Amino acid sequence: MISIRAAKIDDVSMISLIHAYCWRETYAFMPEAVLRSRSREFREQQWLNWFDSHEESDALFVIEADQKVVGFCFCCRNRDPEIDGRGELHAAYVLPDYRGRETGPVMMLTMVDFLAEQGLTPPVLWAFRDNPIRFWYAQMGWRSQIKRDRVIEGRRLPEVGYVCDDCDRLRQRLQRLVTRYSSEAALTQIPQHSQMLGRQKFPNQIAVSPGNNRKATEMNQQTPQGLL
Ligand SMILES: CC(C)(COP(=O)(O)OP(=O)(O)OC[C@H]1O[C@@H](n2cnc3c(N)ncnc32)[C@H](O)[C@@H]1OP(=O)(O)O)[C@@H](O)C(=O)NCCC(=O)NCCS
């Protein structure tokens, strides 16, 4: 089971570790100089600065699983005049072992709801062109509005800006995914419960651990030993 809550300053260390780790893992296509510049120390300073001073319309959330912080997401007012939107889903990073199922939909839903409560609709988001997660955004109904280069450490990195034109429809889609995954998870509890009662009705193999992500296994990308 995953849960989501507002981040506290004590979470900065873990958020920074996840942020730096996921950049290196997801953005392996970026030049080494860029990745080196986005180190854990760099992120720690960035998030400590944020806790020091930020707008009411910003929100930083952490995802917890197995009593640990395993991911985070951040949304804020859109400050970029090149894209038409009032709110921005600015970051979403989860350790590989905890991806899949309801994690992404829960994070997106939480940020879209938060921004809507602040009157910051429509929301926008940016994805690097070479990050395949952006195809999921398109599937969820985000419309690609602009392609441009982002310059980091003097290197040009192509990115795509997306706008959500229909938040209600997006919410419905995300909610459906969350409901589907939650009911599947509930079903997988049955064998465990039966075992406790000494009546094993189902083979052990069908019990799914929420942290056992199919894509992490497929891509052979396990959370590094000793990270947590
Ligand atoms: C973005 C993120 C938080 C989403 O969480 P999640 O939903 O648990 O992640 P998933 O890996 O299940 O991806 C969600 C969807 O994208 C699809 N997807 C993920 N990686 C993909 C890939 N390499 N190619 C094609 N589709 C991919 C998945 O199939 C899934 O769609 P489905 O539910 O229809 O199967 C998580 O994938 C992550 O931390 N990624 C690394 C960092 C990142 O890319 N952040 C976003 C920056 S814009």
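Which residues come nearest to the ligand? Of the 17 residues around the ligand, these are Arg 99, Thr 103, Gly 104, Pro 132 and Trp 136; a residue is near a molecule if its C-beta atom, placed from the backbone, lies within 6 Å of it. The model is predicted, with local features needing pLDDT of at least 70 and side-chain atom pairs counting only at pLDDT 80 or more, while totals for chains, interfaces and linings use all residues. Residues are numbered from 1 along each chain as its sequence is written.

**Ligand shell**
- Two or more residues of the shell come from each of α1 (12-26), β4 (87-94), α4 (103-117) and α5 (133-139); helices (H or I, at least four residues) and strands (E, at least two) are DSSP runs, numbered from the N terminus.
- The shell comprises 10 nonpolar, 5 polar and 2 charged residues; Ala, Val, Leu, Ile, Met, Phe, Trp, Tyr, Cys and Pro count as nonpolar, Asp, Glu, Lys and Arg as charged, and the others, Gly among them, as polar.

**Nonpolar core**
- The largest nonpolar core has 41 residues, of which Phe 72, Cys 73, Cys 75 and Met 111 touch the most other members.
- Such a core is a set of buried Ala, Val, Leu, Ile, Met, Phe, Trp, Tyr and Cys residues joined through C-beta atoms within 7 Å; buried requires 20 or more other C-beta atoms within 10 Å of the residue's own, exposed 12 or fewer, and partly exposed lies in between.
- Elements giving two or more residues to this core include β3 (68-77), α4 and α6 (167-196).

**Thr 121**
- Thr 121, in the loop between α4 and β5, counts as partly exposed because it has 15 C-beta neighbours inside 10 Å.
- Thr 121 and Cys 167 are 46 residues apart in sequence and 8.0 Å apart in space, C-alpha to C-alpha.
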